[in-house]
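Subject: Model for you to look at

Hello,

Here is the structure I promised. Please open it first, then read my notes below.

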Amino acid sequence: MTVFTPGTEAEIVDAVQWALGAATPIEIVGQGSKRGLGRPVQTEHAVSLAAYGGVIFYEPDELVLSARAGTPVAELEKLLAENGQSFQFEPMDYGRLLGGPAGQGTLGGLLATNLCGPRRLKSGSARDHVLGVRVVSGRGEVFKSGGRVVKNVTGYDLSKGMANSWGTLGVASEITFKVLPLPETETTLMLRGLDDEAAARAMAIAMGSSGEVSAAAHLPANVAGRVADGALGGEAATLLRLEGFAPSVADRAAMLRKLLVAAGDIDAVSGAASADIWRDIRDVTPFADGTERPVWRVSMTPMEAWKLVASLRMGAAVDAFYDWQGGLVWLRMEGDPEAEAVRALIAKYGGGHATLVRAPVAVRASTAVFQPQAEALAALSRRLKQQFDPENILNPGRMVAGV
């Protein structure tokens, strides 16, 4: 495989125009940390943006950061933390789950896969915080969308359209994000020993209250011990995170203790101990086992998620845990990805979508990795691809076979 490593935007344009002229597809990657996601791309050439990094603009007082697409997210998070700020959408790191090291993801990959974490309930995902992009389309043309200001509404926001496009519409060269201050205090309330159904009810009560819970997750007993180096022990843990000024966090914690008194005793951890728990939930550490056993990311109605898991367990060996109040379910299968069963049960329990995030290459090539779209939406996706990449040279087949 020939790998092009452009160091300037002009060189990115040259690489795309060469591929266009040669009518040959190219794979778009940063440092390759997410190559195991999506359908395998069959190309003889790749464009790596690993050498195209660096911060372009960062003004903490303006809460805006611009950087080149190849900049490692870990470097940007360190810079932000030094200034008391962060990406509030809490982007996950797929590295360990996919069998690689942590901290290798780039800013371009963050946007292309629309990363987020446990704070999704409160702060959304990458697309909700991106302010602007510069992109090289599959036509070999540079276009710019958005800018460096929070209020920027000028027609269709193509910067958000690049989110979750998986490198199939264009090659992002520069990206601008809104950043926000780190919370002063972080505390996690823990209810122990609840089954999945009782945990779903407790999380719904907490999220429906005035407690301003920034994250809610449930770890069944067989998963809880694999978080934070075993700090939670082997008992099921239902977790509620509170963030903000210390007096406010204390008042909200007291209110939630009273509200959830029927659910049992509530423990609490704060600071680094709390952060370690949510980092491992964010990065799906319980399933980062060094294998290729299939892992699904399922998004669905929170109160229905435990029913899906219970039904799956009647016919398959599956481990599961719940984030986003149960609206995000992580499933690890023993062997067969059980794609038809997973998607049939999602439809049965109110709808949603499932993405196969880890599996052997042969399985990813033969399975619908992303949730199949309704025909009207699929047609719209094809028209969008035609507009941005008419010769289908950018990551062809990464999301859908033939597209």
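Between domain 1 and domain 2, two residue pairs are in polar contact, both at pLDDT 80 or more. A polar contact here is a pair of N or O atoms within 3.5 Å; within protein, one must be able to donate a hydrogen and the other to accept it, and residues adjacent in sequence count only if both atoms are side-chain atoms.

Some ground rules. This is a predicted model: local features need pLDDT of at least 70, side-chain atom pairs count only at pLDDT 80 or more, and totals for chains, interfaces and linings use all residues. Residues are numbered from 1 along each chain as its sequence is written, and side-chain values use heavy atoms, with hydrogens and water left out.

Domains

The domain assignment gives domain 1 (47-181), domain 2 (185-282) and domain 3 (285-375). Such bounds come from an automatic or database domain assignment. The C-alpha centres of domain 1 and domain 2 are 29 Å apart. Ten residues from domain 1 and nine residues from domain 2 make the contact (heavy atoms within 4.5 Å).

How much area do domain 1 and domain 2 bury between them? About 810 Å², with 50% of it on carbon and sulfur atoms. Buried area is the accessible area (1.4 Å probe) that two parts lose on being put together, summed over both. In domain 1, Pro118, Leu121 and Lys122 lose the most area to domain 2. Together they give 53% of what that side buries.

Two salt bridges cross this interface. The term means a side-chain nitrogen of Lys or Arg within 4 Å of a carboxyl oxygen of Asp or Glu. Glu243 forms a salt bridge with Arg119; their closest N and O atoms are 2.8 Å apart.

The structure as a whole holds 22 salt bridges. Lys78 and Glu82 form one, at 2.7 Å from N to O. Both residues lie in helix H2 (residues 73-82), four residues apart, about one turn of the helix.

Sheets

Helices (H or I, at least four residues) and strands (E, at least two) are DSSP runs, numbered from the N terminus. Two strands pair if DSSP finds at least two bridges between them.

Three bridges join E1 to E3 (residues 45-48) in the parallel sense. Thr2 has His45 in E3 as its bridge partner.

The other sheet I looked at is open, has five strands in the order E4-E5-E9-E7-E8, and pairs antiparallel. E4 (55-59) and E8 (142-146) are the edge strands. The twist averages 15° from one strand to the next. E5 (residues 64-68) and E9 (residues 170-178) run antiparallel, joined by five bridges. Arg68 has Glu174 in E9 as its bridge partner. Helix H1 (residues 9-22) packs on this sheet, touching E7 (130-137), E8 and E9. The direction of H1 makes about 45° with that of E7. Axes are lines fitted to C-alpha atoms, for helices over the stretch in contact, and angles run from 0 to 180 degrees between N-to-C directions.

Best wishes
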